[in-house]
Amino acid sequence: MSRKYNQFETSVIHEGYDAKDMLGSLATPLFQTSTYTFTSAEQGERRFAGEEEGYIYSRLGNPTVTVLEERIAALENGERGLAFGSGMAAVSAVLIALTKAGDHILCSSGLYGCTFGLLTMMKEKYNIAHDFSAMESKDALRSRIKPETACIYVETPINPTIKLIDLKMVAEVAKEYNIPVVVDNTFSSPYLQRPLELGCDVVIHSATKYIGGHGDVIAGLVVGTKEFLDSVAMTTQKDIGGVISPFDAWLLLRGLKTLPIRMDRHCDNAEKIVSELKHHSKVTAVYYPLEEGAEISIQEQQMKRGGGVISFEIDGTKADAQQFLNKLSFLKIAVSLGDAETLIEHPATMTHAVVPEESRLEMGITDQLIRLSVGLEAWNDIWADLKQALDQI
Ligand SMILES: *Cc1c(COP(=O)(O)O)cnc(C)c1O
């Protein structure tokens, strides 16, 4: 699916939808239906045989969902998109489609907690191994690839330590071995980073975050080649069945329209909060894409801006970190990110509690680490609340 409109800001609003097809409806209609009636038994036969285009049953396709799938494919510059009932349904559909017993997955060192849980289960139940690599250079990456490596799975910026991985470099090495590269692009959204344009093969989103943007939907999206996504659609999507509801697809289409303006505001606010945090005496480290000298060139290459998530370490213990969160007045203690509301959490005891302590520390997730998803409120209100809570520890 190549983009019909040159500019991203126009694509988020128009791509994949023509009001002419829908009685002139400006908003994409919500097709809240489980099934579709056939005009004859023969038509049903032709639809099932794939001889005639058309909808059959909403687990296999739904017109509202189709608009969303076409729009996200265009925004990521991929051939086809698929929508799922959660980010994890998307991650599992892709990883199960790409692997079989005996295979190996090479991952970035730092993963979303439930992706880590899924990989642990795949290892224990299906003998699909995995390893972690910092992917800091071509040679470092080559040395970790095994004959049975079936895919490379990357998160960048890494959650929650906000380290960056050079996607173009990873894609170049993977091509040498003919291994697909899967990128979880949740933290950036296609507005800030488009991995397929850098040579990667599959992009996954937890659309629950920036794409939905309003904290009211759980959903996942995948974009890649038509060949791969056709196979996912017919296997791990259709038969495991983690599909999105039409209403949630409708909410995502609504959220997507404001993605560029929301992302710019998230970034503006985050940049201001980063510069304040760096000067507070109770803050010992701040992690944000623009902050690490060596990574600026990677960021310039692959990310338009730094995004809305900041992590920082406070001077103190786990109890101090918890006290800091308890002292906040209007900022919300919650996992998730990318919402209008600023959300703040303690990764070691929340999002990454499932990760064993040793692996957690290797990933850089200390008891002092706080993750902040900067919302769309006035930045000085956000900072005032953070500051008064920091001042009390
Ligand atoms: C939230 C998240 C997921 C999982 O998505 P759900 O929609 O919660 O299932 C996967 N990856 C990252 C980076 C996330 O932040």
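Which side chain makes a polar contact with the side chain of Arg-371? The side chain of Asn-159 does, at 2.8 Å. A polar contact here is a pair of N or O atoms within 3.5 Å; within protein, one must be able to donate a hydrogen and the other to accept it, and residues adjacent in sequence count only if both atoms are side-chain atoms.

Before going on, the ground rules. This is a predicted model, in which local features need pLDDT of at least 70 and side-chain atom pairs count only at pLDDT 80 or more, while totals for chains, interfaces and linings use all residues. Residues are numbered from 1 along each chain as its sequence is written, and side-chain values use heavy atoms, with hydrogens and water left out.

Back to Arg-371. It sits in strand β12, residues 369-373. Helices (H or I, at least four residues) and strands (E, at least two) are DSSP runs, numbered from the N terminus. Arg-371 counts as buried because its relative accessibility is 3%. Buried means under 20% relative accessible area, exposed over 50%, and partly exposed in between, with a 1.4 Å probe and protein chains only.

Next, helix α7, residues 167-177. Its buried residues include Leu-167, Met-169 and Val-170. Just after the helix, Asn-178 has a positive phi of about 60°.

Now salt bridges. The structure holds 18 of them. The term means a side-chain nitrogen of Lys or Arg within 4 Å of a carboxyl oxygen of Asp or Glu. What does Glu-172 pair with in α7? Lys-168, in a salt bridge of 4.0 Å, N to O. An α-helix has 3.6 residues a turn, so residues three or four places apart point the same way. Lys-168 is partly exposed at 40%, and Glu-172 is partly exposed at 37%.

Glu-172 also meets Lys-138 in a salt bridge, at 2.8 Å, N to O. That pair links distant parts of the chain, since Lys-138 lies in helix α6 (residues 138-142) and Glu-172 in helix α7, 34 residues apart. Lys-138 is partly exposed, at 30%.Another salt bridge joins Glu-197 and Arg-194, at 3.1 Å, N to O. Glu-197 is partly exposed at 42%, and so is Arg-194, at 22%. Salt bridges that share partners also join Asp-264, Asp-268, Glu-271 and Arg-305 into one network.

Last, the pockets. The largest pocket holds about 1100 Å³ of space. On a 1 Å grid over the protein atoms alone, a pocket is an open set of points where a 1.4 Å probe fits, with protein on both sides within 12 Å along at least five of seven lines; lining residues have an atom within 4 Å of a point. Grid points are joined across faces, edges and corners, and a volume is the space filled by probe spheres set on the points.

The largest pocket has 32 lining residues, and among those nearest its centre are Gly-54, Leu-60 and Arg-80. The second largest pocket holds about 350 Å³. It is lined by 26 residues, with Met-88 and Tyr-112 among the closest to its centre. Domain 1 (8-256) and domain 2 (259-390) each give at least three residues to that lining; the domain bounds come from an automatic or database domain assignment.
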